[in-house]
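The points are numbered and may be read alongside the structure.

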Amino acid sequence: MSDFLSINIPKFTSVFSSIAIFFIVLGVLFAIAGRANGKKARPIALTIFLGPALVLLFAGLIIPAIRTFIFSFMNPDSNGWVGFDNYYWMTQDPNIKIIMVNTILWIMVVPIFTAGLALLLAIMLDRIKHESIPKSLLFMPMAISFVGASIIFKFVYEYRDPGEVQIGLLSAIVDFFGGTPKDWMLSKPLNTFLLMIIYVWTQMGFGMVILSAAIKGVPADIVEASALDGASGWRLFRNITFPMIKGTFIVVLATGVVGSLKLFDIVRTMTGGNFGTNVLANEMYSQVFVQFDQGKGSALAIVLFLLVTPILIYNIRSLRRERTH
Amino acid sequence: MSTSKLASHNPGRKLFSSKIAAIVVWSVTFMWTVPTIGLLVTSFKGDKAILNEAWWSSLLHPSFTLANYKGVFLGNGSESLSNGVLPYFINSIVITLPATIFPIVIATMAAYALAWIRFRGSDFLFFFIFALQIVPLQMSLIPLLLLFTGGAHIGSIAIFPALGIAGKFAGIWLPHTMFALPLAIYLLHNFIAGLPRDLMEAAHVDGANHFKVFRMIVLPLAIPGIASIAIFQFLWVWNDLLVALTFASGTEEVAPINSKLASLVGQYGSGYTALSAGAFITIAVPLIVFFSLQRYFVRGLLAGSVK
């Protein structure tokens, strides 16, 4: 017990003293710089307000990103040039082929399911009483970490040998309907889809909540006017409602694509990338921290960056267009 | 968009009858909730019962125990959990508080400068910071870790000293602070740029400088926005795995509970008691935040989910 205290009490003193020092430094800076007046006042204020953020952004994002780009043309220890070898390796390695196929599967299946289900539920939620209760229960998994969600589903996907009690929900359901349960995490390619379910489970609520808000934002007079013109049901939705929430729907889709590309935690926790479930972000981590190959790891990071960029640029552009209107 | 008359009737009316809608919504909600309930029930079962009986059968003749929680919190004698998850739980708190406060304060200051201290190129700088969001975390990990352990050199000249913070708390706070900035600055800029111009100008006419305006006007008015972004950042750090795996060694001195949990998954058999109770302890904090601050939580998440 005394060991425990001697290890853990200093943790709290370090956290509170760090926060205190942070605010004291800021306070002192504010007090001193606040005295400056005349021509120097503005540049001093700018430096203090903007300086820390810019230094951190340069040291933490810009310079490291450039170095990663350079490392991708170097050997595992980043002390010798290898040209395009790390990129050429990707085109030849059979494991990378599996990873690319999986990544394409993820970005094709997950966003459509997430956004589709979210849209369906958003429309239906609008039609029922007490919508806030199902809404917060459907949204709740968003607060749970991917690791936590993976463990929740580890128990759902649990498989026991025939003859033993099936304690996993999936196995029990398959058993109940007369099927034969199997070790789900070892069954290719089903295991990848089972991992996708975990992602959809955590992220669907996000799409549902913003689509629900978008649907409620459609002006009633437009809907009523077209209803008077005889539009109803599916036609009303397709011609009036959907065009007005299309922008939001595409944002939900794009968020799903980016999330699927960066996906790491679920695969790491559930299969460690084994059994044909590996994805790009997990392979990048493995190359660097398991194989100790900074060159290949950096090259994979660059590929990830190149895949994510067009989608995010699209999002940024549509966001800017919205602002100018 | 006219806000005066929002859809009081459902625009998708008659697409589904409300009866069908209710059935579908409540069945999906049931499916969505069952896995979490399964984990909760499992976490209160004895180690033999976990393996010999499905959790839904246990509901019929309940015999539950707190032994898993006691074991996982304080240690169950196994090699991987000699002191329990309590040290890791403490680490999570110790990591998350500064990793939330530091970036939010720094981002609020930067957002104010970009919005209200005009200078040449401020629009470009704002857009540049916003665009930095496209850089995935993976692009920074290796060089940042090298910087923390070895400093930066050109040839043999050190241009940046080795910080020596790898594997310490500061070595986790710093990357979280750096990675949070682009999005936090962008979102806070939206809040702060929207404050009334007259108020700022009046304060400057009265002789207040930027530091006073920031403290007396901007901070109080931006608090709701700051709070929702802070909650999002808190959850992001608490739930993070990649930064923790990279910058914290897995030891109970610094590793957060989420990464400890990920390492427990490899165990089988009796490890399930630790796994179920440990998982529930880990997700309890975000769930409490979720249910008690749902309004802020939703706002922060909607603003921040692009991360």
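1. In helix α12(A), the buried residues are A:Leu280, A:Ala281, A:Asn282, A:Glu283, A:Met284, A:Tyr285, A:Gln287 and A:Val288. The helix runs over residues 280-289 of chain A, and because eight of its 10 residues are buried, it is largely enclosed by the rest of the structure. The model is a predicted one, and this and the following points should be read accordingly.

2. Chain A is divided into domain 1, residues 2-77, and domain 2, residues 87-324. Between the C-alpha centres of these two domains of chain A there is a separation of 35 Å. Their contact draws eight residues from domain 1 of chain A and eight residues from domain 2 of chain A. On the side of domain 1 of chain A that touches domain 2 of chain A, four residues are nonpolar, three are polar and one is charged.

3. In chain B, the domain assignment gives domain 1 as residues 18-70 and domain 2 as residues 86-304. The C-alpha centres of these two domains of chain B are 34 Å apart. Here eight residues of domain 1 of chain B are in contact with seven residues of domain 2 of chain B. On the side of domain 1 of chain B that touches domain 2 of chain B, the elements giving two or more residues are α1 (18-43), α2 (47-52) and α4 (67-74) of chain B. Of these, α1(B) provides the largest share, four residues. By class, this side of domain 1 of chain B comprises four nonpolar, three polar and one charged residues.

4. The contact between the chains involves 101 residues from chain A and 96 residues from chain B. On the side of chain A that touches chain B, helix α2 of chain A (residues 41-71) gives the largest share, 18 residues. That side of chain A consists, by class, of 69 nonpolar, 21 polar and 11 charged residues.

How values were computed:
Residues numbered from 1 in each chain as written. Chains lettered and ligands numbered in written order. Predicted model: local features only at pLDDT ≥ 70, side-chain atom pairs only at ≥ 80, totals over all residues. Domains from an automatic or database assignment. Contact = placed C-beta atoms within 7 Å. Nonpolar A, V, L, I, M, F, W, Y, C, P; charged D, E, K, R; others polar. Buried ≥ 20, exposed ≤ 12 C-beta atoms within 10 Å, placed from the backbone.
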